[in-house]
Amino acid sequence: MPQFSPPLGDHLFCLYDLLSFDHSLPGSEGLSRDVIEAVLVQSARFCTDVVHPLNRSADEEGVHFDSGRVTTPQGFRDAYAKLVAGGWPALTARPEHGGQGMPHMVNILFEEMLNGACLAFGLFPGLTRGAYVLLNDYGSAKQKALYGPKLASGEWAGSMCLTEAHCGTDLGLLRTQALPREDGSFALSGTKIFISAGEHDLTPNIVYFVLARLPDAPKGSKGISLFLVPKFLVTEDGALGPRNGISCGAVEHKMGIHGCPTCVMNLDGAVGWLVGEPHQGLKAMFSMMNAERIAVGIHGLAIAEASYQNAVAYARERLQGRAPSGPRAPQKEADPIIVHPDVRRMLMTQRALTEGCRMLALWTAQALDLSERHPEADVRQRAADMVALLTPVVKAFLTDCGSDVANLGVQILGGHGFIRANGQEQFVRDVRITQIYEGTNGIQAMDLLGRKVLHLDLFASFAEPVTAFVSAHEDDDALADFVAPLAASFDLLDDATRLVRARRAPDEAGAAAVDYLRLFALTALAYLWARAAKASLNRGNEDFHRAKLATARFFMQRILPDTASLHARIAAGAAPVMELDEAMF
């Protein structure tokens, strides 16, 4: 049976030793370290005791679909009721909506634990939180008052309806229509596909945010509007009214996340209300999508942590062969495979990527907290620039790493990794969708390079802290193993940025984007690993900090050198990618 134990020690190290969690930010003044630790401990207990036991059974059972009704796997309803009763969906929600107003840094760690325990379950409250963010950013005062507290608490669920069968990422092609009604609402008609948690039995109501076109809408993405469409209509006093004209036509049969339904949703004159301005729906929807992109990155981190934990447990117990340096367990018929260098290579890769991704996620969450809470406008703007720059990196790199780490988990277990009972193959299946969710990782790479770096010129928001750290520590002999590789990696990234900026051919950015994002991400991890090494040096005699230093060295010496090949591919330009004529494929 797969195991899962939230890594609370590393969570606290990242919060306090690495990132110096700021208790003085507005809204955080009453959150002492004791309070934060208590929240994390209770989070861990809920996730391990209530949610994790559902992971395997939900994968085996899946969801049930019957005449438009979706039933979630056994145990989900009870666990969801406990989730709401515990106030977990409301961690970051506004106090005026009944939320706890906690920093994103704390919520990120809760979401890692929840999704590491059972990703299919964690998708439900994750989507609801994204819906709440959108409502809070763009909803009218009446919409916020009517739906905000219900979404904040998780009493009602949220979902977003974007994709149509004929258009995936190219939302400018969507055809769903919204016709005005006399009372100021709209009647929506169309079909949406790939709608996660589009129908289920966990909550009495679901609030959908639907992209559609008004009759006078211009063509393309500039003609998209956003509408709030409840599953059940809601009266002025918040009571549930009649069923709305939105229903589930089918559920997809999928590779993984069997416990969360992926639905075809039919809108047959469904009543909805405009959110934000007409024809500005895509801008508003990105409020939810960007929140979900960070959340999906956390899904990748969560599965990476779960896979690593189970790979370590297996490698400690599985006996096979003898260590090259001689028997390590002479009293046994063979040594545990953790003694073998190649197994160590895989475990250390899992560990270095997982812990590095956690640092990157929390660094991004810290910037998000600053962008929303800091009293000085210029600090908020710099932090917002950093969030915009890092969001596609978190989404793409953390999900790529989640998939890579899960596949390494299968390899470490060998044939037993391919067997369902041991759980590693489920990690591979479940995490694979995260590289596609919320815009494929290739699209995230184009967002980073084409929009955030080349168009908005946000690269300096990342370069400044990195170059400042290198300048401050380049003569520190104790940090030489970490600062020198970081400086070399940043030089490659800086040069790659200049190369792409100098090229004007239309295909150049597209050909470089995926390699550029990974080069950027590895450099960001090098910066964070160097900071982690600095935080661990003075306490290097403790096992935890000795392990942190060893992992930092492994990253610098065995993973970071990939930046050289990434730079070489970027320097090669678009010609090798585009040379072959389409007809020759």
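F459 and F462 both belong to helix 13 (residues 459-473), where three residues, about one turn of the helix, separate them. Helices (H or I, at least four residues) and strands (E, at least two) are DSSP runs, numbered from the N terminus. The model is a predicted one, in which local features need pLDDT of at least 70 and side-chain atom pairs count only at pLDDT 80 or more, while totals for chains, interfaces and linings use all residues. Residues are numbered from 1 along each chain as its sequence is written, and side-chain values use heavy atoms, with hydrogens and water left out.

**Aromatic pairs**

A pair of aromatic rings is described by the distance of the centres and the angle of the planes. Rings of Phe, Tyr and Trp (its six-membered ring) pair if their centres lie within 6.5 Å; planes under 30 degrees apart count as stacked, over 60 as edge-to-face and the rest as tilted. Across the whole structure, 17 aromatic pairs are found. In the pair of W88 and F110, the planes meet at 15 degrees and the ring centres are 5.2 Å apart, so this pair is stacked. W88 lies in the loop between helix 4 (76-85) and helix 5, whereas F110 lies in helix 5, so the pair ties together parts that are 22 residues apart in sequence. Both W88 and F110 are buried, a term that means under 20% relative accessible area, with exposed over 50% and partly exposed in between (1.4 Å probe, protein chains only).

F459 and F462 form a tilted pair, with 6.4 Å from centre to centre and 55 degrees between the planes. F459 counts as buried because its relative accessibility is 5%, and F462 is buried with a relative accessible area of 0%. These two rings belong to a cluster linked by ring pairs, together with W363, F469, F490, Y516, F520 and Y527.

**Charges over rings**

A charge sits over a ring if NZ of Lys or CZ of Arg is within 6 Å of the ring centre and within 35 degrees of the ring normal.

| Charged residue | Ring | Distance from ring centre |
|---|---|---|
| R33 | Y16 | 4.2 Å |
| R243 | F232 | 5.6 Å |

**Cavities and a pocket**

On a 1 Å grid over the protein atoms alone, a cavity is a set of points where a 1.4 Å probe fits but cannot get out, and a pocket is an open set with protein on both sides within 12 Å along at least five of seven lines; lining residues have an atom within 4 Å of a point. Grid points are joined across faces, edges and corners, and a volume is the space filled by probe spheres set on the points.

The structure holds four cavities of 30 Å³ or more, and the largest cavity has a volume of about 120 Å³. Its lining consists of 13 residues, with F110, E111, L114, P125 and G126 nearest the centre. Helix 5 contributes the most to this lining, with five residues.

The second largest pocket has a volume of about 690 Å³. Among the 24 residues lining this pocket, Y308, V312, R316, R351 and E355 are the closest to its centre.

**Strand 3**

All five residues of strand 3 (residues 157-161) are buried. A157, S159 and C161 lie on one side, with G158 and M160 on the other. Strand 3 pairs with strand 6 (residues 206-212) in the parallel sense over five bridges, where pairing requires that DSSP finds at least two bridges between two strands. V210 in strand 6 is the bridge partner of C161.
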